[in-house]
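I opened my notebook to look up a few things in this structure. Come along and check each entry with me.

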Amino acid sequence: MLSVTIICQNEENMIEDCLKSVRFADEIVIVDSGSTDKTLDICARYTDKIYHQDWLGMNQQKQFALGKTSGDWLFNIDADERVSEKLAEEIRSVLGLAHQSVVGYYVPRKAYYLGKWLKNGGWTPDFKLRLFQKEHGSWQGLDPHDQVVVRGQCDYLHQPLLHYSFRDLSDQWRCIESYASTAAREMDTRRQTSGISKILLHSLFAFGKSYFFKRGFLEGTRGLIQAIMISSGVALKYAKLWERHHVPGDKSGT
């Protein structure tokens, strides 16, 4: 039995296409952290397994969703992602294999960015471990990035998970700011520090990795913008960490 988990909040513009793409699953579990738009009404058309949970953090929220499933296999998807028809077929195929020795599968994500499907820059293919046996996996990553840890043999699927990453640059910057704040808090709890050298070196490395090593330059202007936004997010993360140590005041929200 395959269970799909989705965590969400105020995703009325994205959630229905996501839900349509996973209708092949035996069960869809929704964990909502307080939607005030039509998200829950839309979800109710596709499943009755809808739960409320105040935001616990990316990994704890997904682990909470895992605990609400009844399937032996789990597939996690975000509201801005879609399972392509070919990926749905591939998932059904691997789950139908007799004497399954593989307990987890990495799925390649294909990124849609600024009106185009990217082939370079580091976001395509972006392999994520999303399909796994419930008894062998759990969410254990460091926020804001999710990570499932699987105990056992893993393999790779070939068909893409479609990722509609950001509506526009303003939406991307809002996500960058939120992620940077969360990451800075996590780094602070691990007693990490920041300064000029870390801000510069880490952000320059991030730009070079995306634009040169991952060949983002082949995407033209989009590739340059992608690399700039990635490096800006890294710089902001380390800047916010520096701020927590050097600027007086309440940092609970930054």
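My entries below go from the ground rules to strands and then to rings.

**Ground rules.** I am working with a predicted model, where local features need pLDDT of at least 70, side-chain atom pairs count only at pLDDT 80 or more, and totals for chains, interfaces and linings use all residues. Residues are numbered from 1 along each chain as its sequence is written, and side-chain values use heavy atoms, with hydrogens and water left out.

**Entry 1: strand 4.** I looked up residues 73-76, which make up strand 4. Strands here are DSSP runs of E with at least two residues, numbered from the N terminus. Which way do the side chains of strand 4 point? Trp73 and Phe75 point one way, Leu74 and Asn76 point the other way, and all are buried (under 20% relative accessible area; exposed is over 50% and partly exposed in between, with a 1.4 Å probe and protein chains only).

Entry 2: I then checked pairing, which needs at least two bridges found by DSSP between two strands. Strand 1 (residues 2-8) pairs with strand 4 in the parallel sense over four bridges, and serine 3 has leucine 74 as its bridge partner. Strand 8 (residues 126-133) runs antiparallel to strand 4, joined by three bridges. There, I found glutamine 133 as the bridge partner of tryptophan 73.

**Entry 3: tyrosine 51.** I found tyrosine 51 in strand 3 (residues 50-52). Tyrosine 51 counts as partly exposed because its relative accessibility is 27%. Leaving aside neighbours within four places in sequence, its contacts (heavy atoms within 4.5 Å) include Val29, Phe64 and Lys68.

**Entry 4: aromatic pairs.** I counted rings of Phe, Tyr and Trp (its six-membered ring) as paired if their centres lie within 6.5 Å; planes under 30 degrees apart are stacked, over 60 edge-to-face and the rest tilted. The count comes to 13 aromatic pairs. Tyrosine 113 and tryptophan 123 form an edge-to-face pair, 5.1 Å centre to centre with 85 degrees between the planes. Tyrosine 113 lies in strand 6 (residues 104-113) and tryptophan 123 in the loop between strand 7 (116-117) and strand 8, so the pair ties together parts 10 residues apart in sequence. Is tyrosine 113 buried or exposed? Tyrosine 113 counts as buried because its relative accessibility is 1%.

**Entry 5: a ring cluster.** I finished with Phe207, Tyr211, Phe212 and Phe217, which ring pairs link into a cluster. Phenylalanine 212 counts as exposed, at 52% relative accessibility.
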